[in-house]
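Below are some notes for a colleague who is meeting this structure for the first time. Please read them with the sequence and the model side by side.

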Amino acid sequence: MGGDITLRPIRLAIFASGGGSNAEKIIQYFAIHASIKISLVVSNKSDAGVLKIAEEHLIKSLIINKNSFWGSNEVIDYLRDEKIDYIILAGFLWLVPKQIVEAFPNKILNIHPSLLPKYGGKGMYGHFVHDAVKVNNETVSGMTIHLVNEKFDDGDIIFQAKCSLNEEMSASEIAFRVLELEHKYYPIVIEKYVLKHNVA
Ligand code: GRF
């Protein structure tokens with residue numbers, strides 16, 4: 001007979017506010033993974049591109065509003081019902097409330113399109129980051145994957161990747177180079193982190 005241990009996959013929820021190119025790469029990467037499953041996509045925008053991607057991949061989605069996210073336990077309860085183990089922020093623009101950070105200790109990851117701590121914090125997202133990098137004539141930029149705490153772009157850094165810049169590059173070219181790094185590394189860094197931290 002022996003012990004009948006049923007191992008369930010580690011369940012991830014992706015939170016995204018926009019187009020969701022990172023979300024798509026992550027979904028593709030884990031589509032046939034042995035032990036990690038993208039189980040839910042959460043967005044604060046009902047017309048976010050990421051919701052269409054979720055639908056195409058038959059992944060459940062949830063649209064949140066300020067009240068369900070900030071003013072109640074609705075989202076936490078939903079995540080618990082869905083047995084979500086980790087939250088992956090991929091272009092999610094709202095600050096994660098304290099109660100969710102506490103409910104998922106060291107289990108929320110974010111990606112940021114700069115070499116934090118440079119060019120992070122409130123208001124530093126999308127083209128604002130790359131415009132600032134350009135204005136300051138930086139010779140290097142890159143991306144950061146970090147744990148999420150109650151402040152914007154502030155948790156422990158898990159991984160960074162850099163790219164060299166030259167003065168001819170526009171802010172959009174910098175954005176493109178950085179996004180390439182994000183797509184290349186986010187799925188594998190998530191996989192490595194989750195598998196390492198899920199070992200009993
Ligand atoms: C990425 O640059 C990510 O670093 C930032 O938001 C952007 C999301 O892009 N947090 P996308 O929606 O994944 O294309």
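1. An oxygen atom of the ligand is 2.8 Å from a polar backbone atom of N22, a polar contact being a pair of N or O atoms within 3.5 Å. The model is a predicted one, in which local features need pLDDT of at least 70 and side-chain atom pairs count only at pLDDT 80 or more, while totals for chains, interfaces and linings use all residues. Residues are numbered from 1 along each chain as its sequence is written, and side-chain values use heavy atoms, with hydrogens and water left out.

2. Side chains also take part: a polar atom in the side chain of S21 lies 2.5 Å from an oxygen atom of the ligand, and one in the side chain of E182 lies 2.8 Å from an oxygen atom of the ligand. Of the 370 Å² of accessible area that the ligand has on its own, the protein covers 79% (Shrake-Rupley method, 1.4 Å probe).

3. Turning to helix α2, residues 49-56 (helices are DSSP runs of H or I with at least four residues, and strands are runs of E with at least two, numbered from the N terminus), its buried residues are V50, L51, I53 and A54. Buried means under 20% relative accessible area and exposed over 50%, with a 1.4 Å probe and protein chains only. Because these residues cover an arc of only 160° around the axis, they lie on the same side of α2, the arc being that of the directions from the helix axis to the C-beta atoms.

4. On the other side of α2, K52, E55 and E56 are exposed. The cover over the buried residues of α2 includes α1 (21-29), β2 (36-43) and β3 (60-63), where contact means heavy atoms within 4.5 Å.

Methods
Polar contact = N/O pair within 3.5 Å; in protein donor to acceptor, adjacent residues only side chain to side chain.
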